[in-house]
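This report describes a contact between two protein chains and then the fold of one of them.

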Amino acid sequence: MMFGNPLTLLTLGPIVAALVFMFLAWACPPSKREEISQYIRLLIFAFSLLLLSLSSLMFLESYSGISWTSIGLNNYVYDNCVNAEVALEAGGCALVDGFGVSWHVGVDGLSFPMVWLTTLLIPVSMLVEWNAKKGAQFHSLILLMEGALIGVFVSLDLFVFYTFWELTLIPMFFLILLWGGDDRKYAAQKFFIYTFTASVLMLLGILVMYYFTRVPVWEGNITGRAFDMTLMAASSNQLGSSFLGGFGMQKAVFLLLLVGFAAKMPSVPFHTWLPDAHVQAPTAGSMLLAGVMLKMGAYGFIRIAVELLPAALVYFQWLIVILGMVSLVYGALVCLGQSNLKRMVAYSSVSHMGLIFLGIATMQPLGIAGAIFMMLAHGIISPHLFAVCGAFKHHYHTLEIGSMRGIAKHSPWLSGHMMTAWMASLGLPLMAGFVAEIAIMIAFWMAFGWLVILPALTLIITAAYYLWSMQRTIFEGGEEGELPESLHGEDPVDITWHENAGMIVLAGFAVLLGILPFIFFDMMSAYSGEFVSQVLLDVLNEVRP
Amino acid sequence: MSQLAYIFTGLGVALWFYNHGEHHAAVIAFGASMFHLFNHAMAKGMLFMASGSVIHEMHHAHHHLAHGDDGDHDDFDPQDMRNMGGLAGKMPITATAMAIGSASIIGLPLIGGFWSKEGIVAETWNAAALHGGTVLLVPAFLILLTAGMTGFYMTRMWLMTFAGKPKTEFADHVEEQTPWIPTPLVTLSVISLLGGFTLAVLGATNWLGEAEALGTLVHEHGIVLAILETLVHAFLPTDAFLFMVTWITIAISLIVGPAMAMRIHGGKLKDGDKAPQLIAWIPLLSAKFGRANVDELANSGLADALHRRLYFDEVYEWAISKTVIPISQAFTWFDTHVIDGAIKGIEYGSQKISRDVRKVTTGSASDYILVAVIGMFSILVLLWGVI
């Protein structure tokens, strides 16, 4: 019953496969290591493409028969444990009977785009960094990440959610430590310890919620409580203000969860791990970090904090607005002052994730849907940005913006991708970023009126730093341009075909989602519409009559 | 940009009318603005095309004559009108197209832009004088002033480029070469010439409010009467005030402005050059106004300021460099030293505490026994009451 579920396959499949491949890579004799490594790499890539096609088939309504826009609140697709209370009692999907952990998976309009995004980004990032050293281990780690990331997005049991949340840290830590830049030890440690500490506070919040989720004692259950999120959602809906024993506790838990998620997103002031981690990480690592890992924070915030504790969200609305606004404006202004290309892109991630907080704080269906779409759009554009940076590092051996001018002449493809990615990220219409930004801006105007001038002006600064860095690097420098010192007089080589292929796929999706955003926007707005009309409106009427 | 300002003035007047309950007038003003948008698009598009043609041929001529020199790195600017002159004979199609386009923009009666421009001017003065919108007197006067300036600058442009004697040898050497440029020029000329009038007869200024009204005039009264009606409506409006406004505008934009330009920049073509019939009279006319010497004015501070676009760009740059850049630098410093500083402080602090606390483990057995004994006594003391 558990394993027939495609979501289980998407989660556990990559993890098991990664471990098998790592074992194979370790077990093969040293003389044949190179050769076997190539085969393993191909196998891993093929496997990830298989998973991508599986998730794409799930998406196509004509194939899977699922209508993504009519799922309904607190209903999930491919749910393996539908009526949780009954099913747990019957012993169907329990994992650890003793203290109420179950293997409960399911997706809806919020999590499925993230699952699909993950399955897309894994093969793309593998392709972009095809020739990494010790390729078998490198790509196995990426595959392991895929399993852990998907696990975060599909699990509906808080214990399992937390497990996968922390599990994602491990492959990323090793990716940065073993394949990273010069300062990788510091960056890897900082990344791990910082986000781990924040997650521990989140764990505290989770444990409080667990404590209050009583279930009728089922066979083997000692504590009489469960971690199941659907049970918590049901009791939150029923109990309203006495959920978790009172509004005070709800606020405290909300803040604890907020710390964990804000550090992951990252939101100012918990963001300083990101620039170091990004600058030192290998290209594929950065792509996954920016593309999916950051979205885990936003997803968790919506799924757990917002869905289960809407009254606390209403109470703390201004806190979320301030966090989002500060991230947006501060991130953009700090970007303007960076000279390292990758650091600049890292801060721009901070800035864009601030918009997500703003979208959620508007508490409008359009705003929340815009925030979710921003997760998807940024998840496609940001890896493109980092792939370009990686190509720069690879072919020009430097990431200093000031060290080169006029590279359009030497690397036309790289320049073209830089322009595409840079323009997509600053929110050029016809690309995905614009759709998300405009949705959030409109919702912000509806909720906060003239205050929208602040995020709108920040868009100008966003454009400024992107255009400035792009102009300097690609265009200036007269007829010949200026090549950086780090090349030592050699001629630069334009990007390799796999870097190119990966980047073209990302660019293609950015444009596709910019022109036809409804592909994913419909299910997101169905989700947010249901949430606002069924849950938030009641809470708002209670709290502010 | 100046014509777009006309469009916006029309839109503003439309809104003013709407806010004051004059819905019918609002529709007319709005319609006139949109109509002007169309006319301007046609005429401006053609003017840019024609300018491109001129610049292209100037560039060609420069290459041709200067190819023996040190390549084309000298300071010759093919776009500079001061290098042109007398091109009417050499580039007949371009010159004609440019003349028609300019006429449309200036608002020559019966041609293209006239209908929409008159519409906007009339409605603005209507609002300002006849409907109590005294606040609108400022834009009303401004658009009259602009009409005059438009007449001046368009005529100046045409005369500097196409009339008079060639000012450089390159201008003398130009000839219309590419086969592709004339087609769009001719097409757009025809549209500019006739399009405005046709749409006006069809009632273009009213159709935005009542789409069914388009063409009612022609339908009801037949085409001849419709044309007459339109002409009468434009040139002989019943209201005396509007009659005055119409003819003053025509006078300013058609006579005053161009005459001033002709005085400064006019001149017959070089002997032996012949311009096409349609426009041949323009250089001849322009020569009759005498010559005014404006060298002093041309080198004045005002001319410099106008050339530097009233220093708007400099002001913007100054504002940004004094606000955004310093804030950005401050925030960058803050991020590295304060926020990350706090994290580094925690790192440093925890390591320091660890180093200090580690010193308790001295490795000496007697120290450990001492600590164990102290600990045992402390426990005894603490539990004294309980045991």
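One salt bridge is counted between chain B and chain A in this predicted model, a salt bridge being a side-chain nitrogen of Lys or Arg within 4 Å of a carboxyl oxygen of Asp or Glu. It joins D340(B) to K190(A), with 2.8 Å between the closest N and O atoms. On the side of chain B that touches chain A, six residues are nonpolar, two polar and four charged (Ala, Val, Leu, Ile, Met, Phe, Trp, Tyr, Cys and Pro count as nonpolar, Asp, Glu, Lys and Arg as charged, the others, Gly among them, as polar).

Chain A contributes 15 residues to the contact and chain B 12, where contact means heavy atoms within 4.5 Å. The two chains bury about 1100 Å² between them, 63% of it on carbon and sulfur atoms; buried area is the accessible area (1.4 Å probe) lost on putting two parts together, summed over both. F331(B), D335(B) and I339(B) supply 38% of the area that chain B buries against chain A, more than any other three residues.

Chain A itself can be summarised as follows.

| Property of chain A | Value |
|---|---|
| C-alpha box along the principal axes | roughly 75 × 65 × 45 Å |
| Contacts with a separation of 6 or more that join residues 24 or more positions apart | 80% |

Residues are numbered from 1 along each chain as its sequence is written, and chains are lettered from A and ligands numbered from 1 in the order in which they are written. Local features need pLDDT of at least 70 and side-chain atom pairs pLDDT 80 or more, while totals for chains, interfaces and linings use all residues; side-chain values use heavy atoms, leaving out hydrogens and water.
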